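Subject: Structure handover and notes

Hello,

I am passing on to you the structure we talked about, together with some notes for your first reading. Please look through the sequence and the model before you go on to the text below them.

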Amino acid sequence: MQLILDWLKKTSPDFVGKGVIIGTTIVAGFIVLRLVMEVVSRTFLKKASEHNRLLGRNIIAYIGTTIIFLAVLRELGVDLTTLLGAAGIVGIALGFASQTSVSNIISGLFLLGEKPFTVGDVIKVGDKTGIILAIDLMSIKIRTFDNLFIRLPNEKVLNTEVVNITRFPIRRLDISISVAYKENIGRVKDILAETALKNPFALSEPEPLVIIQNFGDSGIEFFLGVWFLKTDLIQLKNSLMQGIKERFDAEGIEMPFPHRSLYAGETTKAFPIRIVSGDSPPDFSPVVQK
Amino acid sequence: MEGLSIWSPVDIDVGTCVSWKIGNFSLWTERYEQEWHVLQQYSDTVTDSEPVFTVNARSDKPSSSNWKHYLLREGNRAFPVPAMMDRPVVIRPDRGLILLPGEHSHFFLSLPVWFRLLIGKKSDWKAAKPLFEFPIHPMANAWFGDPVSGELCYFTTARLYPDFESIPLSPINVVCPLWISNESDKELPFDRICLHTEFLGIYRGQNRLWTNAVNVTFKGTEQDTLIQASKKAPPHDGAAQLLTEARQTIDNRYFKRTFNLIKSFTGF
């Protein structure tokens with residue numbers, strides 16, 4: 001500490017005076033910077049989105065802090081011309097070293113221009129889903145639904161498929177349902193549509209979509225698409241699935257599990273099956289046909 | 001309680017528990033010193049019986065965790081008033097109608113109202129404070145317009161009556177006189193009408209509740225529809241007393257999308 005003080009006294013005879021000036025520069029600089037940020041936020045950025053407001057404040061903060069830093073260096077007697085000259089050389093070296101960071105910043109600018117999402121949107125990037133907390137120059141920050149904080153570099157976000165789940169006010173819940181081949185197709189269609197329309201979280205318009213999708217291995221597959229407000233996903237999914245099951249049970253409609261019919265060949269008879277009841281283990285010994 | 005008398009003010013003393021039963025909707029209200037406790041219930045059984053107002057013993061009140069407690073210092077007079085729903089309503093007419101170019105038509109619609117309770121000290125209900133409002137018949141939600149820029153509405157099916165005398169009398173339904181003009185050069189098949197009920201007030205007639213008349217002018221698929229809501233009481237049934245003001249005031253002319261000409265806009 002003494003060594004530093006001696007060096008400072010040697011470098012600058014008016015050490016106390018400079019110290020006061022530097023201190024004043026830092027304090028006044030940050031007060032002015034804070035003031036500028038507030039004024040800009042309340043005037044130019046008043047009608048901007050949360051995303052742009054955050055970015056604007058960050059840019060002002062970075063520029064302002066750099067100016068204060070340079071002012072302090074000048075007070076300390078550092079020659080800024082030399083420093084800037086050196087900065088050019090250092091810049092080249094740093095440029096090579098910080099390709100990823102620069103790439104993230106440029107990606108951030110692209111994201112800013114494209115505006116695929118804003119703060120508060122729910123997005124899915126790869127296998128990560130969460131609410132956007134901040135969109136910065138280098139990365140976006142999201143909070144997952146199990147309350148984990150994830151930082152996603154802008155470059156990755158720009159190069160990956162991003163799904164904005166809450167961009168539009170309404171969404172469609174798609175459900176696949178399989179019923180046994182013996183059931184009446186028309187009746188099943190009516191029941192699915194009625195169940196969807198009776199659900200308080202489903203929208204009556206656009207009408208629920210019921211499509212016979214496929215003749216599957218185990219049953220006839222139906223597609224049910226139900227529109228809902230984007231905030232009602234969980235309530236709708238739980239109540240609708242429960243409603244369908246209960247209604248099918250009440251109407252005696254079978255929802256088949258996957259099963260296979262085995263044939264040993266065209267000329268053979270069907271396999272004989274013996275039903276084993278009780279607690280005794282099944283008898284796997286071969287059955288002789290008479 | 002017969003006819004529109006369900007909408008008459010009642011005095012509720014401290015410690016009194018009252019209830020309104022209208023169809024499958026029940027509303028329980030209990031007054032405390034500086035609190036009003038409220039519970040609304042909907043039963044599964046649909047009844048068409050007359051609305052009933054009763055003063056109940058405290059022991060009769062249903063036990064439920066859904067009671068809401070409102071803090072209000074003064075006022076012992078309750079003013080139950082009908083209110084229009086808080087969002088627009090998409091109406092699917094009971095039959096498909098096509099209005100030819102240059103034609104106009106006049107209909108009457110019957111729509112369910114909400115139950116709003118105001119609390120005040122005197123007979124002057126205009127000075128009373130609104131305590132709460134509930135739909136008497138919960139309605140399904142619907143989205144009107146395209147999935148990106150449409151709006152959330154309620155949904156109902158309704159009959160378009162050519163004259164209001166055919167509409168069954170009901171104290172919990174409001175009759176809306178509707179004029180539709182087709183000033184475009186194309187047919188107007190209206191299988192969905194979006195009625196912006198937030199601009200409608202409720203008037204008390206001799207036997208029915210009424211909204212102010214609405215004039216809807218269709219000018220073509222590319223243009224929004226011109227809506228004009230009359231600022232006067234409708235000239236029917238002696239409807240003169242304004243019971244409830246519109247939620248939003250409307251200028252004389254208002255443009256909004258009103259008809260949905262495409263049945264299925266969402267595709268697959």
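What follows is a description that goes from the domains to the helices, the sheets and a few single residues.

This is a predicted model, in which local features need pLDDT of at least 70 and side-chain atom pairs count only at pLDDT 80 or more, while totals for chains, interfaces and linings use all residues. Residues are numbered from 1 along each chain as its sequence is written, and chains are lettered from A and ligands numbered from 1 in the order in which they are written.

**Domains and chains**

Chain A is divided into domain 1 (10-97), domain 2 (114-164) and domain 3 (170-251), where the bounds come from an automatic or database domain assignment. Taken over C-alpha atoms, the centres of domain 1 and domain 2 of chain A are separated by 29 Å. Between these two domains of chain A, six residues of domain 1 are in contact with seven residues of domain 2, a contact being two residues whose C-beta atoms, placed from the backbone, lie within 7 Å. The side of domain 1 of chain A that touches domain 2 of chain A has two nonpolar, three polar and one charged residues; here Ala, Val, Leu, Ile, Met, Phe, Trp, Tyr, Cys and Pro count as nonpolar, Asp, Glu, Lys and Arg as charged, and the others, Gly among them, as polar.

For chain B, the assignment gives domain 1 (3-81) and domain 2 (85-113 + 137-256), and the C-alpha centres of these two domains of chain B lie 30 Å apart. Their contact takes nine residues from domain 1 of chain B and seven residues from domain 2 of chain B, and the side that belongs to domain 1 of chain B divides into seven nonpolar, two polar and no charged residues.

The chains also touch each other, with nine residues of chain A in contact with 13 residues of chain B. On the side of chain A that touches chain B, the residues are seven nonpolar, one polar and one charged.

**Helices and sheet in chain A**

Helices (H or I, at least four residues) and strands (E, at least two) are DSSP runs, numbered from the N terminus. Helix H7 (residues 185-198) and helix H8 (residues 233-251) of chain A pack at an angle of about 135°, with their axes 10 Å apart; axes are lines fitted to C-alpha atoms, for helices over the stretch in contact, and angles run from 0 to 180 degrees between N-to-C directions. H7(A) and H8(A) are therefore oblique to each other, given that angles under 35 degrees count as roughly parallel, over 145 as roughly antiparallel, 65 to 115 as roughly perpendicular and the rest as oblique. In this contact A:Ile191, A:Leu192, A:Thr195 and A:Ala196 of H7(A) meet A:Leu240, A:Gly243, A:Ile244, A:Arg247 and A:Glu251 of H8(A), and by class there are five nonpolar, two polar and two charged residues.

Chain A also has an open sheet of three strands in the order S6-S8-S7, with antiparallel pairing, where two strands pair if DSSP finds at least two bridges between them. Strand S6 (170-179) and strand S7 (209-215) of chain A stand at the edges, each with a single partner strand, so one side of each has no neighbour in the sheet. The twist from one strand to the next averages 25°. S6(A) is joined by ten bridges to strand S8 (residues 220-229) of chain A, and A:Ile177 stands opposite A:Phe222 in S8(A). H7(A) packs on this sheet, touching S6, S7 and S8 of chain A, and its direction makes about 20° with that of S8(A).

**Strands in chain B**

Strand S8 (residues 89-93) of chain B pairs with strand S14 (residues 151-158) of chain B in the parallel sense over five bridges, and B:Arg92 stands opposite B:Thr157 in S14(B). Three bridges join S8(B) to strand S17 (residues 193-195) of chain B, and these two run antiparallel.

**Two details in loops of chain A**

The peptide bond from A:Glu205 to A:Pro206 is cis, with omega near -5°, and A:Pro206 has its place in the loop between H7 and S7 of chain A. A:Lys115, a residue other than glycine, has a positive phi, near 50°.
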